[in-house]
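Here is a short report for a first look. Keep the sequence and the 3D view side by side while reading.

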Amino acid sequence: MLQVKNIEKYYGNQNNVTKALDRVSFDVCDGEFIAIMGASGSGKTTLLNCISTIDTVSAGDILLEGENIADLPADRLARFRREKLGFVFQDFNLLDTLTIEENIGLALSLNHQDPGKVQNQVKAVASKLGITDILEKFPYQVSGGQKQRAACARAMVAGQSLLLADEPTGALDSRASKNLLEIMTGMNRDMGATILMVTHDAYSASYAGRVLFLKDGRIFNELLKGQRNRSVFYHEILDVLALLGGDVSDVI
Amino acid sequence: MTLSSLSLRNAKRQTGDYLVYFVSIVIVAALIYAFNGLVFSQELQSLSSRFRDLSSIIISASIVVIFIMSWLVSYTINFMLTQRSREFGTYLLIGVENKQIARMFFMENLAVGGCALALGLLLGNLLFQMLRAIVFALFGTPYHFSFFFPLKAVGLTLFYFVLIYLLAQMKSRKRIRRMKIYDLIYYEKKNEEEALKASPVRRWIFTISIALGIIGTVLIMAGSLSLGFIGAGCIIAFLYGFFLSFASGVPAFFHKHPTLKYKRQNLLVFRTLASKLSTMGIIMATISMLLVATIISEGMGMIFRGIFAGRATLNGCFDILLSAHDTNEEVFTASLDYIEKNIPIKANMRYQVYLAETSKTMEYIESRTSYYRHYQYDTVMRESDYIALRAMLGYPPVTLTDGQYLIHCQPYIEKVLKDWNQNVILGGKTLTLGGLYTETFAQHLYDVNGNGFILVVPDQVAEDCPVSHTTQVFLTQEKVTEDCYNALFVLENEIMERIGWHNNTLVYIKAAEDADAAAWTAMTVFPLYYLALVLTITAATILTIQQLSETGRYRRQFLLLQKLGMEQKEMQRSLRTQFAIYYAMPAVPPVLIGVPVILNTARIVEPGTLIGASRPAAVTGISLGLFFLVYAIYILMAYTSLKKNVLPT
């Protein structure tokens with residue numbers, strides 16, 4: 001579904017160039033749940049921004065469902081984002097002037113969906129994510145976990161094919177994090193959502209089927225969950241992180 | 001770093017962050033100074049003795065301006081206090097005392113006010129020159145630049161500014177002295193207080209206010225004075241009710257019509273507006289009221305100007321007019337004697353105006369327009385007098401065939417008489433209408449050539465009619481001087497005092513009427529426009545400050561929308577729509593109230609007076625145009641700034 005081919009990304013000017021991504025390549029298959037891990041400054045968010053078309057690559061290609069996103073003009077990119085990509089951010093990014101229902105419905109409204117059908121579609125997704133009873137409330141009236149579930153609902157309500165999550169559990173306590181990760185796993189397993197999650201938390205990454213490790217802008221390692229259970233996978237991830245350098249406590 | 005240098009640094013930051021406010025203060029300082037210049041300008045005062053009341057009128061207007069400005073400054077200062085609560089909390093946290101913060105904030109505002117005043121004085125000199133040029137043009141005196149920097153005007157402006165800031169600072173000083181660290185630091189986490197809390201109540205208010213708005217507009221449009229007052233009351237209730245309940249009316253409306261909610265940019269536009277208005281309902285309604293006052297002030301200014309200019313134009317064909325029922329009256333003879341001795345005359349003529357047997361023409365006009373009846377019967381003039389008067393005034397000659405009569409009237413009566421074809425019977429002789437003429441003919445004075453119209457008939461027919469009054473008209477070799485006409489009026493007053501005010505003589509001097517028109521225009525239009533400008537600036541500044549304070553939130557919102565795939569064009573459209581509605585909301589009710597008020601006031605004026613650019617429709621158009629011009633400048637400033645800082649590239 002997603003092919004990342006040899007992408008490079010540089011920042012800065014002639015005198016001072018920072019290489020944020022260095023020949024990164026990987027594929028994401030349909031229905032896969034993949035996590036990208038790395039310490040701060042390893043290029044995780046840059047990679048996610050490039051895939052989400054918010055940022056552009058300096059070299060290389062990104063193909064989503066066979067379409068090279070580098071070739072798309074600005075207006076097509078916007079359409080591409082709203083039709084194919086769903087976003088979940090660390091700080092929720094819900095609009096505080098809209099209710100939860102309206103925040104979710106906004107994604108459909110941006111897609112010029114028939115206004116008469118929006119409410120029903122929102123209700124359908126909300127019931128799957130267990131947030132039906134908070135639809136009338138404003139973001140400041142609900143908990144962090146509920147906000148993040150609303151963000152997940154927004155990311156999939158318009159039938160987006162790829163869900164991009166940037167540290168989705170970063171602002172949640174451990175119980176809400178677990179709940180959210182289980183919901184994301186459910187979305188992946190039961191609804192066939194393809195998920196690409198950036199995280200520096202090994203516990204979150206252990207919910208994914210595959211983990212890519214980034215260090216200094218390059219892919220350093222890759223772990224596949226296979227048939228192992230989550231707890232074993234979690235420890236394997238910690239081992240790789242130890243190899244990556246830095247204190248384990250930094251990355252948990 | 002000392003506290004005073006911190007104050008200065010903050011003052012610099014304040015002018016940058018609140019540029020629109022700073023510019024407004026500069027403009028108002030300039031206006032105050034320019035008008036103070038008029039108060040102290042000996043040169044302008046010497047143009048006419050009729051200017052003597054100008055000073056007190058301008059000072060009265062300035063007092064109103066001081067109150068409006070202190071409200072604006074107080075509002076902005078308190079708004080800044082709220083926006084910068086975290087900063088003030090930090091000062092308290094590091095041990096600065098409330099007293100010191102109050103002093104620091106006062107110093108900061110003093111520095112901003114001082115800078116604005118200094119710039120305002122410079123700009124004010126330009127504005128003063130503009131006002132000088134206008135006054136000169138009104139008096140027909142050629143304009144020449146002469147630098148004038150009256151220290152008294154500077155002193156008075158400074159005094160006004162001190163008053164403005166003292167009044168404005170009272171509230172904020174108290175607030176700073178009472179503030180607590182916790183409240184300040186966690187201010188952003190608090191939800192803003194809403195003026196009306198209970199939601200169902202608000203929904204009711206919303207519905208009732210909309211109904212009141214519609215009723216009020218209909219009543220005002222009905223045109224009667226008493227209904228108009230009730231209508232205006234309804235609109236005021238609508239304004240406060242509507243703006244206080246709008247924020248809850250929107251969700252209620254969306255709840256009932258979910259389909260409309262998700263249509264185009266409705267959701268974003270109305271939700272953003274509702275969140276903005278939920279905390280500024282009262283201020284929006286007050287702004288709306290200010291704008292009502294603005295449009296009415298401008299309209300009234302234009303109408304006053306129109307009345308004076310109209311009178312001067314309609315009667316201005318002769319330089320001097322004397323008219324009396326009895327030419328032996330002392331005022332008539334003494335005035336004539338004075339004129340003959342003191343004023344060089346180019347041409348003069350004495351003639352009589354007669355009364356017809358019926359008032360058929362007058363009745364016809366009365367039935368079609370709000371004509372002011374003055375004579376019992378239609379007024380009549382001899383053909384030979386008419387022809388001689390036309391020749392004297394240089395109008396094209398006319399001829400009257402036997403058995404015909406002519407009508408000479410004001411242009412507005414020509415429209416009324418376009419289907420008039422009735423015959424006139426005088427002394428048993430029937431006359432048919434031979435033509436209508438509308439050149440300026442001193443028909444706006446009751447005792448000269450008829451009121452609005454006169455019938456011109458063959459000499460022998462007129463001579464059989466009773467005489468109404470005798471008129472003597474003069475064309476002078478040069479403009480009658482102020483000394484001359486003042487002397488004539490003094491003479492008239494002396495005689496009248498002596499004979500006990502029994503006088504039927506009219507003495508009219510064009511130069512005096514022109515001077516009156518110029519002086520009254522300056523004395524009514526200047527202060528009304530001065531107030532209108534300050535009101536528009538105040539309202540637009542508050543709206544703009546509120547809108548620009550949301551820059552950060554809008555930026556985050558549009559960044560998210562960009563990520564969610566909203567196109568640039570759609571973002572622009574959404575911002576534009578929201579902007580248009582935000583600025584239109586407080587401006588629509590004033591237009592609904594202001595336009596009927598102006599039109600109805602113009603209707604009270606004697607018909608035919610408001611001509612040219614002073615026609616009621618033109619007055620309304622110009623008033624609205626001027627208001628929207630100033631308003632649009634602010635909208636444009638705010639929109640450009642927001643578009644640049646808010647929309648992602």
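Which residues line the largest cavity?

## The largest cavity

Arg81(A), Arg82(A), Leu85(A), Gly86(A), Phe87(A), Ala107(A), Asn111(A), Gln160(A), Lys563(B) and Leu564(B) form its lining. On a 1 Å grid over the protein atoms alone, a cavity is a set of points where a 1.4 Å probe fits but cannot get out, and lining residues have an atom within 4 Å of a point. The structure has one cavity of 30 Å³ or more. The largest cavity holds about 50 Å³ of space. A volume is the space filled by probe spheres set on the points, which are joined across faces, edges and corners.

Helix 2 and strand 6 (85–88) of chain A are the elements that give two or more residues to this lining. Strand 6 of chain A has the largest share, three residues. Helices (H or I, at least four residues) and strands (E, at least two) are DSSP runs, numbered from the N terminus. By class, the lining of the largest cavity splits into four nonpolar, three polar and three charged residues. Ala, Val, Leu, Ile, Met, Phe, Trp, Tyr, Cys and Pro count as nonpolar, Asp, Glu, Lys and Arg as charged, and the others, Gly among them, as polar.

## About the model

This is a predicted model, where local features need pLDDT of at least 70, side-chain atom pairs count only at pLDDT 80 or more, and totals for chains, interfaces and linings use all residues. Residues are numbered from 1 along each chain as its sequence is written, chains are lettered from A and ligands numbered from 1 in the order in which they are written, and side-chain values use heavy atoms, with hydrogens and water left out.

## Where the chains meet

Chain A brings 28 residues to the contact (heavy atoms within 4.5 Å), and chain B brings 23 residues. About 2400 Å² is buried between chain A and chain B. That is the accessible area (1.4 Å probe) that two parts lose on being put together, summed over both. Carbon and sulfur atoms give 62% of the buried area. In chain A, Thr97(A), Leu110(A) and Pro115(A) lose the most area to chain B, together 22% of what that side buries.

Five salt bridges are counted between chain A and chain B. Each is a side-chain nitrogen of Lys or Arg within 4 Å of a carboxyl oxygen of Asp or Glu. Arg271(B) and Glu102(A) pair in a salt bridge (2.7 Å, N to O). Helix 2 (74–84), helix 3 (100–110) and helix 4 (115–129) of chain A each supply at least two residues of the side of chain A that touches chain B. Helix 3 of chain A gives the most to that side, six residues.

## A pocket in chain B

The second largest pocket has a volume of about 840 Å³. A pocket is an open set with protein on both sides within 12 Å along at least five of seven lines. Its lining has 28 residues, and Leu127(B), Met130(B), Ile134(B), Tyr529(B) and Leu533(B) lie nearest its centre. Helix 20 (510–548) of chain B is one of the elements that each supply at least two lining residues. Helix 20 of chain B has the largest share, seven residues. The lining of the second largest pocket has 24 nonpolar, two polar and two charged residues.
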